[in-house]
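Hi,

Here is the model I promised to pass on.

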Amino acid sequence: MGNEPETNEKITAVKTSGSSFRNELDGEKLYFIRLNLSERVQHLIFVICFIILVITGFMTKIPKNMVNWFGEAGNIVFYYRSMLHRTAGVIMILTSAYHIYYLLFKPAGRRLLFDMLPKVKDITDMISNIRYYLGLEDSPPEFDRFCYKHKLEYGALFAGTTLMSVTGVFMWTEQNWSKFLIDISTLIHGMEAILACLAIMVWHLYEVHLRPHKFPIDHMWLTGVIDEEEMKEEYPFHYKKIMNDPRLKKIYIRS
Amino acid sequence: MMKHCRRKSAKAKILSTVFFTSVIPVVICFFFYIGIGFAQSDVAPDEENCLFCHRYPQMGRYDETGKKRVFYINEKMFANSVHGKLRCKGCHVGLDTIPHTNIEKVDCSTKCHIEEPSTNKEFSHINMIEKYEASVHGNTINGKIKAYPEDLPTCKYCHTNRMYNPFMSIWGKSDALSNETLARCVGCHTEEQWTKRFYAHFTHRMRRRRSQAEIIALCTSCHENREKMARHGLETIETYKDTFHFTQVKYGVENAPDCIDCHVPINYSTHYIRPKTDPTSPVYITNRITTCSNQGGLKICHPGAHAEFARGRVHAYGLKAKIAAHNDKLKLPGQTKDLMAERAQAEIENKEVFHYNVLKIIRLFYQILIAVVIGSMVIHQMLDYIRTKRKNKKHH
């Protein structure tokens, strides 16, 4: 946390990276960093791998008459399917491994891990947020850096990736294991895939694409920053924490 | 003069040499070539005069069951088919009255008056039929006729003679390819009809006639019939269709395993399929490693198959496992119920029942998890959407 030179480096990295997006940003406003460069790159790799894995994975599940629509093309794609699926899987596993290293050994990562840990506030936040949705409260709770939605999603992603990786590796090396283990792996891999896909579609894509003030897309995944107004609205607790702490100001406010 | 004459005759000698060594062979070759072109006759001599009636394409009728029966014979196609050299009555025994009242079903084990070239004996399909009768699809067991023998496939059920189909499907996928190959044969084997027949027979035997998908379509034409299978205490083939093996077949992967790859021993013909309880069956428990690794076969399957891997269940758990797990007879009709329960008890071990239950619990767990998690997510996001919209309205 106290590693200021590195933090500054990160900030400069943010500044220099998304330059095309920076032009859109207003010089007068305060911008708060939500994702640093490393996190954005990790996210991007994950997105690409995820899409490839979903397509190449669900290809095996579609019924025969749907396969017939593809004709010859399906045949060719299927030839590369297993290779693509495994390649994307390996890249995803490596990214996840790097992410764990990042969480444990990088100051920004450790901050992320610390902020991501579940707290009692999350449960009370969730209850009062749902009360707010139902009109029982006038204003939503004051969220910290990561709210209960983020924490649930992150947890699900962590568990899901672990399960998919382990079962995937079992299936890859199937001839070495008992068929029962392979059956379990196949079942879990398939079911978890359905769960993950639906969760991403309902939870994550809504959050970043369909929410009324985010539509059509929240640029934060590329710029890494949000403006002061949005920060006050979405993460007021974190905003107050930053504004009252000069050390956090240095970390989170884009200079 | 003499000298002149002698010189002339020398010239003539040279000319005649040239004439005899090159021109005549060329001319002969030319006529020979033309001759081949004209001499080809695709029509078999119809000694029995069956074509007197049967050459008319409209010939046929609807039989008692409403099935359309075509009695038309395309001379050219028949002549080029594998049976092209046979007389009609060689297989269609009887038929000596008109209209034909004494019709007997064609028996493929009949000895036809063709010489089998390796033994010079009369040819018959009896060898294959004997092998087939001993297989799981044969209609006798220990000398007794099986129950429901009409369910079992006869020769013609699988061997649908393709002589009425266009040539392309007989020769192979590419017409040009077979024509080019045939042209090479015809160079020496000038009797074109014979050559085509031989070529058809030979290329037919060189490869599998049906693709994996076609094999599966053929096998499932019976093995997907619930009633028919239940009569014999068998499950339908859906359990295979749940496997990754079938997924590959769906996409037309050449290496994909169909029914034959696992159920016919390597280096045996399809007529050899045995029940899995038979020690010679490739799916018999001790033969599994060889089968999964496809040792000696053409496909690349699981080369380093571990014993535990090979011993496992290939088709998904189906009805029999369900019966064994619930220890009941489910809602099956009469005799079927007992047969199925009997087979379930004999074939599904306790270990497999345990596996079936574990998989069932995992599936159920995920189904509930998905429904609950995704359901609450949808509700949550819908609430969010409605609330945000309402708030925006207030602001404006």
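**What I found**

Chain A has 13 helices and 2 strands as its secondary structure; helices (H or I, at least four residues) and strands (E, at least two) are DSSP runs, numbered from the N terminus. Bear in mind that this is a predicted model, where local features need pLDDT of at least 70, side-chain atom pairs count only at pLDDT 80 or more, and totals for chains, interfaces and linings use all residues. Residues are numbered from 1 along each chain as its sequence is written, while chains are lettered from A and ligands numbered from 1 in the order in which they are written.

**Inside chain A**

Of the 255 residues in chain A, 23% are buried. A residue counts as buried if 20 or more other C-beta atoms lie within 10 Å of its own, exposed if 12 or fewer, and partly exposed in between, with C-beta atoms placed from the backbone. If you take contacts in chain A between residues at least 6 apart in sequence, 66% of them join residues at least 24 apart. Contact here means that the C-beta atoms of two residues, placed from the backbone, lie within 7 Å.

Next, the cores. A nonpolar core is a set of buried Ala, Val, Leu, Ile, Met, Phe, Trp, Tyr and Cys residues joined through C-beta atoms within 7 Å. The largest one has 15 residues, and A:Phe32, A:Val225, A:Met231 and A:Tyr252 have the most contacts inside it. At least two residues each come from strand S1 (31-33), strand S2 (225-227), helix H12 (236-243) and helix H13 (246-252) of chain A. S1(A) gives the largest share, 3 residues. Setting aside residues up to four places away in sequence, A:Phe32 touches A:Val225, A:Ile226, A:Met231, A:Tyr252 and A:Ile253. There is also a second, separate core of 8 residues, with B:Tyr317, B:Ala321, B:Ala324 and B:Met340 among them.

**Two helix pairs to look at**

Two packed helices are described by the angle between their axes and the distance between the axes. The axes are lines fitted to C-alpha atoms, for helices over the stretch in contact, and angles run from 0 to 180 degrees between N-to-C directions.

How do H3(A) and H5(A) lie relative to each other, parallel or antiparallel? The axes of H3 (residues 37-58) and H5 (residues 72-105) of chain A come within 9 Å and cross at roughly 150°, so the two helices are roughly antiparallel. (Angles under 35 degrees count as roughly parallel, over 145 as roughly antiparallel, 65 to 115 as roughly perpendicular and the rest as oblique.) Residues in this contact include A:Phe46 of H3(A) and A:Tyr102 of H5(A).

H5(A) also meets H6(A) (residues 107-116), with axes that come within 5 Å and cross at roughly 90°. That pair is therefore roughly perpendicular. On the H5(A) side the contact uses A:Tyr102, A:Leu103, A:Leu104 and A:Phe105, and on the H6(A) side A:Gly109, A:Arg110, A:Leu112 and A:Leu113.

**Where the chains meet**

The contact between the chains takes 32 residues from chain B and 30 residues from chain A. On the side of chain B that touches chain A, H19(B) gives the most, with 18 residues.

**One residue in chain B**

B:Val283 sits in the loop between helix H14 (259-263) and helix H15 (288-293) of chain B. Is B:Val283 buried or partly exposed? B:Val283 is partly exposed, because 18 other C-beta atoms lie within 10 Å.

Enjoy exploring!
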